[in-house]
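Subject: Structure for your review

Dear colleague,

Please find below the structure that I am handing over to you.

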Amino acid sequence: NNEFGLTKFKEFPYLSAPHRNLMVDLVSTVENRLGSQLLPCSLPPDVQYYQNQSGSAHASLHTRSGNKPSHSQIDFILGSWIHCKLPTGGALNITSLSAFLNPLTDAPNFLIELIQSSPTSLILILDLPPRKDLVLCPDYLHTFYEETQLDMRKQILEKIPEVKPYISSSLYIRSLVSPTAIMVRIETEASQPGRVEEIIKEHVDPIAKEVLGIWLDQCACGKREVGETERAILEKRDGLIKIKTIEVDIGSNFPRLFGPEVADRVLGAIRDVFTV
Ligand SMILES: C=CC1=C(C)/C(=C/C2=NC(=C3\c4[nH]c(Cc5[nH]c(C=O)c(C)c5CC)c(C)c4C(=O)[C@@H]3C(=O)OC)/[C@@H](CCC(=O)O)[C@@H]2C)NC1=O
């Protein structure tokens, strides 16, 4: 057990109520729907909860692998929160929930990230990243992105005046997402305290739950035929993405936030989960 006890991950501390409630609801929706297919979290306690030397950065990581591939098309689910006190007196909060499928299906994965760097600024990433080339497979585009009307939800969100497109500095990250990916920055006025929380509660929460619902119904619990050769291609593509996103997302951030020793321990544990 860590100083907060093993349940700490699911309490998503340090967040505003709407942000915490959304993450708690998404994690419990995934675990309730897929729970029977998931093994318990097997991360060591000092990876399930870790912090930097000075105690200015606290974080939690929660991963659950799918039962043996014969029983489940879930590779693993990953949930995470990171809270860093900033020298400016503010705080950086990064929360994420991602779900990776294994090559028994070629359906898209699920990803949501909320990155709050000040009381008036939030980055939201919400997508079903494709696992096949959309040009080569037009029916994939139709099935997972047109028929599900994901673009409608993107357009609803982009109508909010404070919502602007978020352009990742990483071209690789931009190449991973679907055409309907929600990658936005929400910038509110300091004269409107609570506006970010209101946008999370009124708009981000319902849309994120709809997108997760689509992923659970059409992707995680859908049936897709994947041939032998296709399975090998999926395995290679999935593996490359998992390794590269660790490098882009946290490869440089973690040593800076947590110091080399903690970063090596946590990154090592993540690489183990990502590459089995
Ligand atoms: C598949 C599609 C993907 C997309 C679209 C995507 C997007 C982005 N994530 C970023 C980041 C990010 N994510 C996490 C969660 C996390 N990621 C992993 C990966 O293995 C693990 C294991 C964990 C749990 C520990 C942390 C901690 C963290 C950052 O610090 C970083 C960030 O907030 O910088 C501002 C941004 C980097 C690029 C940029 O600055 O624009 C960008 C927004 N990341 C994808 O994978």
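The notes that follow go from the overall fold to the cores and then to individual residues.

Please bear in mind that this is a predicted model.

Overall architecture

The protein contains 9 helices and 8 strands. Its radius of gyration is 18 Å, close to the 19 Å given by the globule rule for 276 residues, so the protein is as compact as a globular protein of that length. Along the principal axes, the C-alpha atoms occupy a box of roughly 55 × 45 × 35 Å. Of the 276 residues, 51% are buried. Among contacts with a separation of 6 or more, 64% are between residues 24 or more positions apart.

The accessible surface amounts to about 13100 Å², and carbon and sulfur atoms contribute 56% of that area. As to charge, there are 28 positive and 34 negative side chains, and the centres of these two sets are 1 Å apart.

The nonpolar cores

The largest nonpolar core comprises 50 residues, and Phe110 and Trp215 have the most contacts inside it. The element that gives the most to this core is helix H7 (residues 195-220), with 13 residues. Another core, of 34 residues, lies apart from it; Tyr50, Ile123, Phe254 and Val266 are among its members.

Which residues are in contact with Phe110, once neighbours within four places in sequence are left aside? They are Leu97, Ser98 and Ala99, then Leu126, Asp127, Leu128 and Pro129, and finally Val211, Leu212 and Trp215.

Residues in helix H7

Val211 is located in helix H7. Its relative accessibility is 4%, and since buried means under 20%, Val211 counts as buried. Beyond residues up to four places away in sequence, Val211 touches Phe110, Leu126, Leu128, Leu150 and Arg153. Phe110, for its part, is in contact with Leu126 and Leu128 as well as with Val211. The C-alpha atoms of Val211 and Gln149 are separated by 9.9 Å, although the two residues are 62 residues apart along the chain.

Asp205 also has its place in helix H7. Is Asp205 buried or exposed? With a relative accessibility of 14%, Asp205 counts as buried. When residues up to four places away in sequence are not counted, Asp205 touches Leu22 and Ile200.

A residue in helix H8

Thr245 belongs to helix H8, which covers residues 228-251. Thr245 counts as buried because its relative accessibility is 13%. Setting aside residues up to four places away in sequence, the residues that Thr245 touches are Leu176, Ile250 and Phe274.

An exposed loop residue

Thr88 is situated in the loop between strand S3 (74-85) and strand S4 (91-101). Why is Thr88 classed as exposed? Exposed means over 50% relative accessible area, and Thr88 has a relative accessible area of 72%, so Thr88 is exposed. From Thr88 to Lys236 the distance is 43 Å, C-alpha to C-alpha, and the two residues are 148 residues apart in sequence.

With kind regards

Methods. Residues numbered from 1 in each chain as written. Predicted model: local features only at pLDDT ≥ 70, side-chain atom pairs only at ≥ 80, totals over all residues. Heavy atoms only, no water. Core = buried A, V, L, I, M, F, W, Y, C linked by side-chain atoms within 4.5 Å. Buried < 20%, exposed > 50% of the residue type's maximum accessible area, 1.4 Å probe, protein only. Helix = DSSP H or I, 4+ residues; strand = E, 2+ residues; numbered from the N terminus. Contact = heavy atoms within 4.5 Å. Rg over C-alpha atoms; globule rule 2.2 N^0.38 Å. Areas by Shrake-Rupley, 256 points an atom, 1.4 Å probe, with all protein chains shown as cover. Lys, Arg positive; Asp, Glu negative; His and termini not counted. Charge placed at Lys NZ, Arg CZ, Asp CG, Glu CD.
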